[in-house]
Amino acid sequence: MRKKLLSLGLVGGALLTAQVAGAHELSCDKTVNGTTYMEVSGYPTTLHYVLTVNNTSPLYGSYVLTASDPLLEGQGFSFTPAAPFSLDFGASTSDSFDVVLNDEADCLAMAAADGTADDRIDNTFETSWESGSAQCTASVVCKSAPPPPPPPPSGITRTLGFYKTHESALSQCLEAIDTDAPDLASVLGVFWGSPAVYETGEPRTDIDRARFLMGRQFIVAACNATLFPPASSDVQQLLADAMNAYAGTDCDLMMSLSSQLDDYNNSGDEMSFPAGFDPGPATPKHAQSIADDPTTMSADQCGG
Amino acid sequence: MKTPISKLAAAALCALPLSVAACSGDGKVIRSGQAANVTVTGVNTSGVGELSLGVSDVSATVDGKETPVSGISGVLDLVNGGAQSVGRFSVPGNATAVSVIVTLDDYGAYESADGSAGSVDARGKVLSFSLPASALDGTIAASLDVGRSLTSGSGDRILEPNYTTAY
């Protein structure tokens, strides 16, 4: 469908280009219920998407070759006016589409339709002209209809993003765990390092990437369990499973455990810190400056 | 599971150094075998002092077939870094369609001009580009609109990418 639209757009654009002079450019906006990010917890509910194409050229009209939102198109939407169409300089055109979610299952089904089976409806609106394109996104997070049960006393957690920007909290974690724990710069190196490449710029192997991704979620989970005890038996088991997996070569298992650890690390992110705990300020610039990724290429390969 | 959590965490973290170490041209027309360069620039950065986003992966396909990408960058500075290359790949002269997906790392970081700072939730976010090979002139330049892309969530900031691509 996208290819067909593009082909049609190119043909239409080619036919019309002769009438347009000079460079032009588009931008786009996408909102759902007036914002780019929202959480849904009450059902039924209506998601009101508004998609806008703007001609940002101060001088020239533009031809919009494509205007497409594949996820919404799967729900029956098609952008109107249909591309290709012309847009005067400084002008915008919008279309809207409503999606009714009757219950959480509806929401999760739409979230899965974006290609990733999670609790987020992520979709991108894309518009293109003959020499470029613009993309804009809006997300909806599916929450359970009834209010979540009261969190257990040990439910406080913080995410990888928190620890990579809060050196003081991370230092407290490392000190609480063991004096032989890795130093702050090395742990920050893993947090700030790239899953794609080693510090040398060489691409990570698949197994090193899986270990890297799971390893840092593991450290965060260990910090959460240590700084905000007690951890549940499920969390302790998860940490033990991750340790075992780290020593093996089952990359699929490591990626699965990485996702489970991330879920745990996000589960209590909105809870307040316990009395007396001072996380210190967020210092991302300094944290990044001292980060020193210690990882190097291993000789292992992904296996069963 | 009888192991006390502190001992378990200690054992696990202390194992990390070993285990980690053990595993531990713009304006040019593309010709056969010539590299296409993908760049990302932050724009509309007013009020944002720092924005660092990691790159988790860069993949490219030419006519539907995956092609190797070299020079994949680690962390992007989207306020002060200018146009930063995130990867390069080769496009044969007879190619017709090119697609690129830049997958961002799960969490980035920001610092506002007023000094407030924190993390940026970019889990699952990608920058993707599909274009006819004939339109390519050597560089696929993406401009991320920082002001439009950073959204306040229940915790820190959330990234909802809003970007344009020129080629």
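Let's start at one spot where two chains meet: Gly132(A) has Ala166(B), in S13(B), as its bridge partner. That pair belongs to an antiparallel pairing of strand S9 (residues 132-142) of chain A with strand S13 (residues 162-166) of chain B, which runs over 5 bridges. Keep in mind as you explore that this is a predicted model.

**The interface as a whole**
- Chain A brings 71 residues to the contact, and chain B brings 58 residues.
- Together the two chains bury about 5,100 Å², with 57% of that area on carbon and sulfur atoms.

**Charged and polar links**
- There are 6 salt bridges across the interface of chain A and chain B.
- Among them is the one between Arg120(A) and Asp121(B), whose closest N and O atoms lie 3.0 Å apart.
- On the side of chain A that touches chain B, helix H7 (residues 206-227) of chain A gives the most, with 10 residues.
- Sorted by class, that side of chain A holds 31 nonpolar, 23 polar and 17 charged residues.

**A closer look at Ser52(B)**
- You will find Ser52(B) in strand S2 (residues 48-62) of chain B.
- Ser52(B) counts as buried because its relative accessible area is 7%, and the cut-off for buried is under 20%.
- Its side chain makes a polar contact of 3.3 Å with the side chain of Gln288(A).
- Leaving aside neighbours within four places in sequence, Ser52(B) is in contact with Trp192(A) and Gln288(A), as well as Val75(B), Leu76(B), Gly108(B) and Ala109(B).

How values were computed
Residues are numbered from 1 along each chain as its sequence is written. Chains are lettered from A and ligands numbered from 1 in the order in which they are written. This is a predicted model: local features need pLDDT of at least 70, side-chain atom pairs count only at pLDDT 80 or more; totals for chains, interfaces and linings use all residues. Side-chain values use heavy atoms; hydrogens and water are left out. Contact means heavy atoms within 4.5 Å. Buried area is the accessible area (1.4 Å probe) that two parts lose on being put together, summed over both. A salt bridge is a side-chain nitrogen of Lys or Arg within 4 Å of a carboxyl oxygen of Asp or Glu. Helices (H or I, at least four residues) and strands (E, at least two) are DSSP runs, numbered from the N terminus. Ala, Val, Leu, Ile, Met, Phe, Trp, Tyr, Cys and Pro count as nonpolar, Asp, Glu, Lys and Arg as charged, and the others, Gly among them, as polar. Two strands pair if DSSP finds at least two bridges between them. Buried means under 20% relative accessible area, exposed over 50%, partly exposed in between (1.4 Å probe, protein chains only). A polar contact is a pair of N or O atoms within 3.5 Å; within protein, one must be able to donate a hydrogen and the other to accept it, and residues adjacent in sequence count only if both atoms are side-chain atoms.
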